[in-house]
Amino acid sequence: MFLVNTEHGSIVYSVQPHQLIDRPGSTLRERAMMHGTQIAVCNQGQWYRPGMREEITDKRTIVLLERVPQA
């Protein structure tokens, strides 16, 4: 999983190892966004499931999301 910061907030993507193969002209951030699956979105300090309709309130899940490395 990787955290990607955007102008809309931070997004956590789940990425499979084969999707991380280095391709000329692409960055890890771009590969995570293009091939990964959105797991969670953080907007103004609140974590949400993809689509921003369901807030994530489980403290253990939030701690895990906040520890995801940045792409």
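The model on screen is a predicted one.

Next, show the contacts of R49. Set aside the neighbours within four places in sequence, and I39, E54 and I56 are in contact with R49.

How far apart in space are R49 and R60, C-alpha to C-alpha? The distance is 15 Å, for two residues 11 apart in sequence.

Move to helix α1, residues 28–35, and pick M34 within it. Is M34 buried or exposed? M34 counts as exposed, because its relative accessibility is 63% and the class begins over 50%.

From M34, draw a distance to Y13. The two C-alpha atoms are 9.8 Å apart, while 21 residues separate M34 and Y13 along the chain.

Now select residues 2–6, strand β1, together with residues 9–14, strand β2. The two strands pair in the antiparallel sense, and five bridges join them. Which residue of β2 stands opposite N5? Highlight S10: that is the residue facing N5.

Finish at the turn of the chain. β1 and β2 make a hairpin, and two residues lie between the strands.

How values were computed. Residues are numbered from 1 along each chain as its sequence is written. This is a predicted model: local features need pLDDT of at least 70, side-chain atom pairs count only at pLDDT 80 or more; totals for chains, interfaces and linings use all residues. Side-chain values use heavy atoms; hydrogens and water are left out. Two strands pair if DSSP finds at least two bridges between them. Helices (H or I, at least four residues) and strands (E, at least two) are DSSP runs, numbered from the N terminus. Contact means heavy atoms within 4.5 Å. Buried means under 20% relative accessible area, exposed over 50%, partly exposed in between (1.4 Å probe, protein chains only).
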